[in-house]
Amino acid sequence: MTCPETMSIGAFVLGALEASERRAVEEHLVTCTACRETLLQFAPLPGLLHAVPVEDIEVEQPEPAPLQLSKKRRPQWVLAAAAASAMAGVASWGLLSAPASATWTATDGVGGLDTTAKLVSRGWGTDIQLRLTDLKPYEHCMLVVHGRDGTVETAGWWAANGSYHAQVPASTSIPLRDIDHLEVVDAGDTVLSTVSPTTR
């Protein structure tokens, strides 16, 4: 049986929801098995998108239309098209400019867990590539992002396989500059590792 709320999971994983919407989805995930399974299926999506080379993304710039002075009111669709064109220009500039990034590590996790998080600033928030070593096999975990203003978001869920290593793509709507620290938490709410700019 599928849940109608699964339609929101893709946007949740990509960090495209408002803070209030993300909180609502997080609360729903606690009680909905179907949505948690969907979340696990979508978890690799940010990492796959991150792997697409910038040169493979083509953004066509429309030729500027000649200036026409007229007192006639422009139709609503013309205004919408102009706004979309402006947004396309901003998006293409964002693709060409180097985003801010940071790499945080922690080697003092539970059971000797080593954690490395590569964070890259995006227009919608922050892309996170998490690498774990000495992870307990078959552990069910989630990545929790803590903002400087007290905001808390679950950026990804995963189930470790039989290996002691895991590479987890995740994402959050919290901008990189506003992230205070990350926590790797197991299914029993035990914090396995804390990663921040000050950890080593």
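**Entry 1: E183 and its surroundings**

I looked up the side chain of E183 and found a polar contact of 3.1 Å with the side chain of H146. A polar contact is a pair of N or O atoms within 3.5 Å; within protein, one atom must be able to donate a hydrogen and the other to accept it, and residues adjacent in sequence count only if both atoms are side-chain atoms.

I note that the model is predicted: local features need pLDDT of at least 70 and side-chain atom pairs count only at pLDDT 80 or more, while totals for chains, interfaces and linings use all residues. Residues are numbered from 1 along each chain as its sequence is written, and side-chain values use heavy atoms, with hydrogens and water left out.

I placed E183 in strand β7, residues 179-186. Strands are DSSP runs of E with at least two residues, numbered from the N terminus. Leaving aside neighbours within four places in sequence, I listed the contacts of E183 (heavy atoms within 4.5 Å); among them are M142, L143, H146 and V191.

**Entry 2: Charges**

Is E183 buried or exposed? I found E183 buried and without a salt bridge; R148, the nearest side chain of opposite charge, is 14 Å away. Buried means under 20% relative accessible area, exposed over 50%, and partly exposed in between, with a 1.4 Å probe and protein chains only. Lys and Arg count as positive and Asp and Glu as negative; His and the chain ends are not counted.

How many salt bridges does the structure hold? I found one. A salt bridge is a side-chain nitrogen of Lys or Arg within 4 Å of a carboxyl oxygen of Asp or Glu. The partners are D180 and R148, at 4.0 Å from N to O. D180 lies in strand β7 and R148 in the loop between β4 (140-147) and β5 (152-159), so the pair ties together parts that are 32 residues apart in sequence. D180 is partly exposed at 34% relative accessible area, whereas R148 is exposed at 54%.

**Entry 3: Strand pairing**

I then examined β4 and β5, which run antiparallel and are joined by seven bridges. Two strands pair if DSSP finds at least two bridges between them. H140 has A159 of β5 as its bridge partner. Four residues separate the strands of this hairpin, and G150 there takes a positive phi near 95 degrees.

I also traced an open sheet of four strands, in the order β1-β2-β3-β6, with antiparallel pairing. Its edge strands, β1 (101-106) and β6 (165-172), each pair on one side only. Within the sheet, nine bridges join β2 (residues 114-122) to β3 (residues 125-133).
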